[in-house]
Amino acid sequence: MTIIYWIIERLLVNPVEGSDSNVVITADWRCNGSQDSLTGTSYGSVSFAPPSGDFTPYDQLTEAQVLGWCWDNGVDKAIIEASVEKQIADQANPPVVSLPLPWTPVPVEVAVAPVEVAPAADSIVVIDEPIIVSEAPVA
């Protein structure tokens, strides 16, 4: 099951618009989706006309309210969510894949078994003197 969630990432405001202050003129939105370890996303911006009628002060806005404005002003919620779900489905079952070129030889892996080599009798060196290890520098 795909989980879809919407967020508002940024609001642009006019500090003064008529008698209102901090009037939202643009919202940057994002629609994210996930299913198992697969993800999809879509994002965009939508601009709003100056408010007419009821005005909600900036500090009283909710994300749900602004998302509603986005959907009411041209962001097609159903199409965006379908696009995100398709991104996820295409990751699970890619509609297009890249195959090796048919005229290029495919490298073949060759397994090499390790070979044990016994040292020759004359390659063994025996040291009868003790080895001294010192951390002090030698002058």
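Trainee: Which residues does Thr 26 touch, not counting residues up to four places away in sequence?
Mentor: Keeping in mind that this is a predicted model, Thr 26 touches Arg 10, Leu 11 and Leu 12, and also Ser 45, Val 46, Ser 47 and Phe 48, once residues up to four places away in sequence are left out.

Trainee: And which strand does Thr 26 lie in?
Mentor: Thr 26 belongs to strand β2, which covers residues 20-35.

Trainee: Is Thr 26 buried or exposed?
Mentor: Thr 26 counts as buried, because its relative accessible area is 12%, and the cut-off for that class is under 20%.

Trainee: What joins the side chains of Thr 26 and Ser 47?
Mentor: The two side chains are joined by a polar contact of 3.3 Å, and Ser 47 is also one of the residues that Thr 26 touches.

Trainee: Switching to pockets, what volume does the largest pocket have?
Mentor: The volume of the largest pocket comes to about 250 Å³, and its lining consists of 18 residues, with Val 24, Phe 48, Ala 49, Pro 51 and Trp 69 lying nearest the centre.

Trainee: Which element gives the most to that lining?
Mentor: That is β2, which gives four residues to the lining of the largest pocket, while β2 and α1, the latter spanning 63-72, each supply at least two.

Trainee: How many of the lining residues are nonpolar, polar and charged?
Mentor: Sorted by class, the lining of the largest pocket holds eleven nonpolar residues, five polar ones and two charged ones.

Trainee: Now cysteines: how many disulfides does a search of the whole structure find?
Mentor: The search returns zero disulfides. As for individual cysteines, Cys 31 is buried, since its relative accessible area is 0%, and Cys 70 is buried as well, with a value of 1%.

Trainee: What share of the residues counts as buried?
Mentor: Of the 139 residues in the protein chain, 19% count as buried. On the contact side, if you take the contacts between residues at least 6 apart in sequence, 56% of them join residues at least 24 apart.

Technical notes
Residues numbered from 1 in each chain as written. Predicted model: local features only at pLDDT ≥ 70, side-chain atom pairs only at ≥ 80, totals over all residues. Heavy atoms only, no water. Buried < 20%, exposed > 50% of the residue type's maximum accessible area, 1.4 Å probe, protein only. Polar contact = N/O pair within 3.5 Å; in protein donor to acceptor, adjacent residues only side chain to side chain. Contact = heavy atoms within 4.5 Å. 1 Å grid on protein atoms, 1.4 Å probe; cavity = no way out; pocket = protein on both sides within 12 Å on 5 of 7 lines; lining within 4 Å. Points joined across faces, edges and corners; volume = space filled by probe spheres on them. Nonpolar A, V, L, I, M, F, W, Y, C, P; charged D, E, K, R; others polar. Disulfide = S-S within 2.5 Å.
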